[in-house]
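Subject: Structure handover

Hello,

Here is the structure I said I would pass on. My notes on it follow below.

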Amino acid sequence: MKLTWARAACSHPALSGVSRAHFGELFAELAAPWEAARQSALHEARGGERRRAAGAGRKPKLVFCDRLLLTLVHLRHQLPHEVLAELFGVDRSTVSAAIRQVRPLLAARGFAVPDQPGVRLHTLEDAFAYAEAVTLRIDGAETQVRRPQPGLPGRRAFVSGKRRQNTIKTTTISDGQGRMLLSGVVRPGRMHDQTAVRTEGIAEQFRLRPPVKSEVDAGYAGLAKEFPGQVTAPPKKPKGTACDGDKRAWTEARRRQSSARICVEHTHAELRQWAPLRRFTGRRETYSETHLAIAALVSDRSAQRPTRGRTSTELVLLRDSTR
C-alpha cells in the first residue's frame, strides 16, 4: 500500500478515533515536544553536538504525522504492530518505536476543562480546585489484563474479587454532564475502589476544600461517612421489619442519588469505545500510559459539549439540601 493511501485511510475518524480537525490540533501541539525529545535522544546517542549540517544523513522512514496517526489507530483499535507496519510499508520495530515515542506525549497532555480552553487538569489537586464550582461524580472501573506469569511476586494482586479476573482498576471523575475531569489512579484489580483513591490523598483534598461536593456509589460509603456534608452515597437499605413507608422512601432516595451520579457511568462508556480499555492485551506496565493517553483524547471531545442548565434531578437535590 502506498504511504499516501495509508495516511488517507488512517486519518479517517473511524480508524483514528478523532476528527481531522482534532488531529490537526494534536499535530500542532505535539510536534515541537516530539522534535525536542528526538533531538535530545540523538544528542545522547552521539555523545555531543551533531557533526554534520541539519538535513544530512539518513532520513526517518516515518515523519511525525505518520507516527501520530499510527499511534492513534493503535490506541483506538489495538491493532497489532505487524498490521500497522504492513499498512505504512515499514518494519514492525519502526512502528513499535513510533508508539513508544508518541504515547507518552499523549499521556502527558492532561484533561481538558469545559468552557476554559487552554486549561488542563493533571492531578487530583487540580480537579478539586476546579470542583469548587461543580459537583464531582466519582466512580471506579476495571479493565481485564493479561494474567501474570506463575511464580511472580504480587500475582494475586491483579485478581479482582468482583469480576474474578485479572484486572487493573482506575478511577474516573466527571462533572454533572458526564464531561471527564480526571481519569487515572491506576491500581491492581484486587484493591478496593475507596482504598485506591485514599492512597492518592482524596481525604486530604476533602479536608482542604470543604465547599467541594461529590456523588459516589456504595463502594465509597466510608468517605460518605467521614465527610457527610461533602460526599453523598446511596442510603442504607432498611431492615426487613421496616414499614412500607420507610421502604418506599429508601427506594425514592436511592433513585434520586443514582440519577445524580449516573453520568459518570456514561463517561466510562466513552472510554470503553477504545479497544484497549475494554480488554488490554499489551504489557501491564504500559497500561497506565495507555489509559492516560486515551482519557486525555476523550476529555478533549467531552469538554466541547456546551454547559447546560440544571436538570430536574439537580433542582430536586438542591431543594432537598436547603430544607
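Two notes on how to read the rest. This is a predicted model, in which local features need pLDDT of at least 70 and side-chain atom pairs count only at pLDDT 80 or more, while totals for chains, interfaces and linings use all residues. Residues are numbered from 1 along each chain as its sequence is written, and side-chain values use heavy atoms, with hydrogens and water left out.

Overall

The chain has 14 helices and 7 strands; helices (H or I, at least four residues) and strands (E, at least two) are DSSP runs, numbered from the N terminus. Of the 323 residues in the chain, 42% are buried. The C-alpha trace spans about 80 × 50 × 40 Å along its principal axes.

The sheet

An open sheet is formed by 5 strands in the order S5-S4-S3-S6-S7, with mixed pairing. The edge strands are S5 and S7 (231-232), each of which pairs on one side only. Two strands pair if DSSP finds at least two bridges between them.

With S6 (residues 213-215), S3 pairs in the parallel sense over 3 bridges. Arg-137 stands opposite Glu-215 in S6. S3 and S4 (residues 167-174) run antiparallel and are joined by 8 bridges. Two positions to look at there are Glu-142, which stands opposite Lys-169 in S4, and Asp-139, which stands opposite Thr-172 in S4.

In S4, 8 of the 8 residues are buried, so this strand is also largely enclosed by the rest of the structure. In a regular strand the side chains alternate between the two faces of the sheet. In S4, Thr-167, Lys-169, Thr-171 and Ile-173 point one way, Ile-168, Thr-170, Thr-172 and Ser-174 point the other way, and all are buried.

S4 and S5 (residues 180-188) run antiparallel, with 6 bridges between them. In S5, Pro-188 is the bridge partner of Ile-168, and Met-180 is the bridge partner of Ser-174. The hairpin of S4 and S5 has 5 residues between the strands, and in it Gly-178 takes a positive phi near 80°.

Two backbone angles to check

Most residues other than glycine have a negative phi, and most peptide bonds are trans. Asp-115 has a positive phi, near 65°, and is a residue other than glycine. Asp-115 is found in the loop between S1 (111-112) and S2 (120-121), and is exposed, with a relative accessible area of 54%. Arg-164 is not a glycine either, yet has a positive phi of about 60°. Arg-164 lies in the loop between S3 and S4 and counts as exposed at 68% relative accessibility.

Leu-121 again

The place of Leu-121 is in strand S2. Leu-121 and Phe-111 are 10 residues apart along the chain, and their C-alpha atoms are separated by 4.9 Å.

Surface

Which residues form the positive surface patch? Arg-46, Arg-50, Arg-52 and Lys-59 do. Patches are made of residues with over 30% relative accessible area and no salt bridge; like charges are joined within 9 Å, and nonpolar side chains (Val, Leu, Ile, Met, Phe, Trp, Tyr) within 5 Å. A salt bridge is a side-chain nitrogen of Lys or Arg within 4 Å of a carboxyl oxygen of Asp or Glu. Lys and Arg count as positive and Asp and Glu as negative, while His and the chain ends are not counted. The place of a charge is taken as NZ of Lys, CZ of Arg, CG of Asp or CD of Glu. Accessible areas come from the Shrake-Rupley method with a 1.4 Å probe, and for residues only the protein chains shown count as cover.

Pro-306 sits in the loop between H13 (287-302) and H14 (312-321), and counts as exposed at 65% relative accessibility. Pro-306 and Thr-195 are 111 residues apart in sequence and 34 Å apart in space, C-alpha to C-alpha.

Regards

Definitions and conventions. Buried means under 20% relative accessible area, exposed over 50%, partly exposed in between (1.4 Å probe, protein chains only).
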